[in-house]
Protein chains: 2
Amino acid sequence: MTLISQNKMFGGVQSVYEHRSAACDCDMRVAVYLPPGSRLGLCPTLVWLSGLTCTEENFSLKAGAQRAAAQLGLILIAPDTSPRGADIPDDAAYDFGKGAGFYLNARQEPWAKNFQMESYIRDELTAWMLANLPVDPERIGISGHSMGGHGAISLHLKNPQLYKTCSAFAPITSPTQVPWGQKAFKGYLGADEQTWQAYDCTHLVKTAPSRAHILIDQGTDDNFLDVQLKPEIFKTACAEFGQSLNLRLQDGYDHSYFFIASFIEDHLKHHSAHL
Amino acid sequence: MTLISQNKMFGGVQSVYEHRSAACDCDMRVAVYLPPGSRLGLCPTLVWLSGLTCTEENFSLKAGAQRAAAQLGLILIAPDTSPRGADIPDDAAYDFGKGAGFYLNARQEPWAKNFQMESYIRDELTAWMLANLPVDPERIGISGHSMGGHGAISLHLKNPQLYKTCSAFAPITSPTQVPWGQKAFKGYLGADEQTWQAYDCTHLVKTAPSRAHILIDQGTDDNFLDVQLKPEIFKTACAEFGQSLNLRLQDGYDHSYFFIASFIEDHLKHHSAHL
């Protein structure tokens with residue numbers, strides 16, 4: 001692996017690394033914050049999945065999460081949102097191709113060769129951070145924003161032994177029922193909608209609710225709320241199938257990192273308390 | 001004035017406005033954070049001056065200052081670092097021309113027509129914020145980073161009745177004695193070095209020390225420390241001429257916003273306590 005940048009922050013270290021992904025057949029970047037306490041032993045760790053158009057940088061530059069992470073002794077891991085490189089296929093739209101990997105394993109060409117983000121995050125990133133960082137394998141949680149909220153909830157529900165805690169900001173909670181998800185799933189997975197279910201949070205929570213308590217923050221002034229996010233669909237499914245959920249509607253907040261920064265401390269405390 | 005963007009954050013509102021500057025003969029952008037308490041009456045206010053290459057955005061996106069500002073009831077005002085627009089003269093270097101206004105009034109052509117940043121900040125921005133925001137005129141402080149640290153200290157020392165408190169991160173404290181300052185002052189002000197003194201913090205503190213206590217944070221791993229920043233020159237002058245100064249050398253920190261984010265709360269508390 002290659003160290004791209006390193007900056008001291010709140011007594012700990014914010015770094016960006018580049019490492020090889022066999023699943024995505026390219027080099028991937030990942031931002032890592034190590035709190036000061038990580039010098040002393042294994043730490044609880046939060047994996048953060050960003051939303052459409054983001055890279056590994058947005059969370060570490062804009063969310064202000066390192067302050068609370070330093071206090072709580074929590075490692076932060078923020079991977080990129082898709083494979084990258086000149087030879088990686090792309091699409092002109094912001095919501096498909098690079099920057100829009102949707103944390104799934106693509107089956108359609110030309111995407112299948114590189115867009116294996118589920119395998120990359122779940123298997124390769126986990127192995128990489130356990131091999132290279134003081135990550136406690138028994139205390140890993142997952143969170144994310146928008147497309148990354150969909151990724152966090154679905155990866156948690158499918159792998160509750162790996163990702164023991166879960167939260168999200170403004171997640172796409174029923175991707176098979178909204179335009180962003182339908183476009184991406186058709187493109188990456190194909191026209192057979194049956195195969196989409198494995199990546200739909202609302203379907204997953206019906207078949208495999210977790211024992212964890214999920215925290216979601218959703219701004220009421222979010223431009224994407226009514227068309228793309230639709231948290232009420234997920235809330236209904238959680239209530240029906242026994243999934244513990246705290247869906248907080250935050251009055252007047254939008255879809256931006258200004259919203260995330262305002263409540264990230266609550267999310268870090270949620271993970272820290274349950275890990 | 002035009003509202004460019006507005007986002008709820010920590011219960012308050014982060015905005016960007018554009019307004020006309022007669023001094024710079026162009027439209028200028030300014031980022032404003034209003035804490036929740038600003039609905040109730042006039043608030044203490046901190047003007048933040050950014051460094052080379054920055055715009056009005058860097059501080060509000062990366063410093064994480066709004067959290068403490070919301071708690072302290074402090075308004076944050078972050079103007080741009082130079083005049084902007086297609087018809088504004090520029091230079092290919094990052095440390096001269098656009099993004100490098102040095103908070104002075106240029107006297108050389110082609111800069112003199114637009115690069116009047118001292119007048120813009122001191123006169124126009126002050127009048128604008130008093131007319132349009134709940135800013136208490138008796139409780140205004142000033143801070144900044146690098147080139148903006150030079151701007152903050154020199155504006156404070158020249159206008160202690162306007163900017164009652166002062167702090168800085170990694171400021172250029174003796175611009176007439178370092179390459180960044182010498183290049184900019186020669187270009188904007190001309191070859192007569194006598195005229196440069198009006199913008200040199202170390203000269204100003206000798207002729208007009210203020211009654212305020214100045215807080216400076218400087219990272220020991222800052223790449224620019226030994227060649228461009230040289231805080232020891234300023235510290236010696238402060239000691240000799242009775243200027244109260246707390247120069248904190250922060251072990252292992254660099255010149256980035258990761259450093260600023262780590263200590264911005266201390267600076268906001270410094271201003272809040274003395275305003």
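The following questions and answers look at the cysteines, one phenylalanine and the chain interface of a predicted model.

Residues are numbered from 1 along each chain as its sequence is written, and chains are lettered from A in the order in which they are written. Because the model is predicted, local features need pLDDT of at least 70 and side-chain atom pairs count only at pLDDT 80 or more, while totals for chains, interfaces and linings use all residues, and side-chain values use heavy atoms, with hydrogens and water left out.

Trainee: How many disulfides does the structure hold over all chains?

Mentor: A disulfide is a covalent bond between the sulfur atoms of two cysteines, and here the term is given to a pair of cysteine sulfur atoms within 2.5 Å. The sulfur of A:Cys24 has its closest cysteine sulfur in A:Cys26, at 5.2 Å, which is too far for a bond. B:Cys201 is in no disulfide either, since the nearest cysteine sulfur, in B:Cys166, lies 8.2 Å away. Over all chains, the number of disulfides is 0.

Trainee: Is B:Cys201 buried or exposed?

Mentor: A residue is called buried under 20% relative accessible area, exposed over 50% and partly exposed in between, using a 1.4 Å probe and protein chains only. The relative accessible area of B:Cys201 is 0%, so this cysteine is buried.

Trainee: In which helix is the place of B:Phe59?

Mentor: Helices are DSSP runs of H or I with at least four residues, and strands are runs of E with at least two, numbered from the N terminus. B:Phe59 has a relative accessibility of 4% and therefore counts as buried. Beyond its neighbours within four places in sequence, its contacts (heavy atoms within 4.5 Å) include B:Trp48, B:Leu76 and B:Tyr257. The residue belongs to the helix that spans residues 57-62 of chain B, namely α1.

Trainee: About how much area do chain B and chain A bury between them?

Mentor: Buried area is the accessible area, with a 1.4 Å probe, that two parts lose on being put together, summed over both. The contact takes 22 residues from chain B and 22 residues from chain A. Of the area buried between the two chains, 56% is on carbon and sulfur atoms, and the total is about 1800 Å².

Trainee: How many salt bridges does the rule find across the interface of chain B and chain A?

Mentor: A salt bridge needs a side-chain nitrogen of Lys or Arg within 4 Å of a carboxyl oxygen of Asp or Glu. Applied across the interface of chain B and chain A, the rule gives a count of 0.
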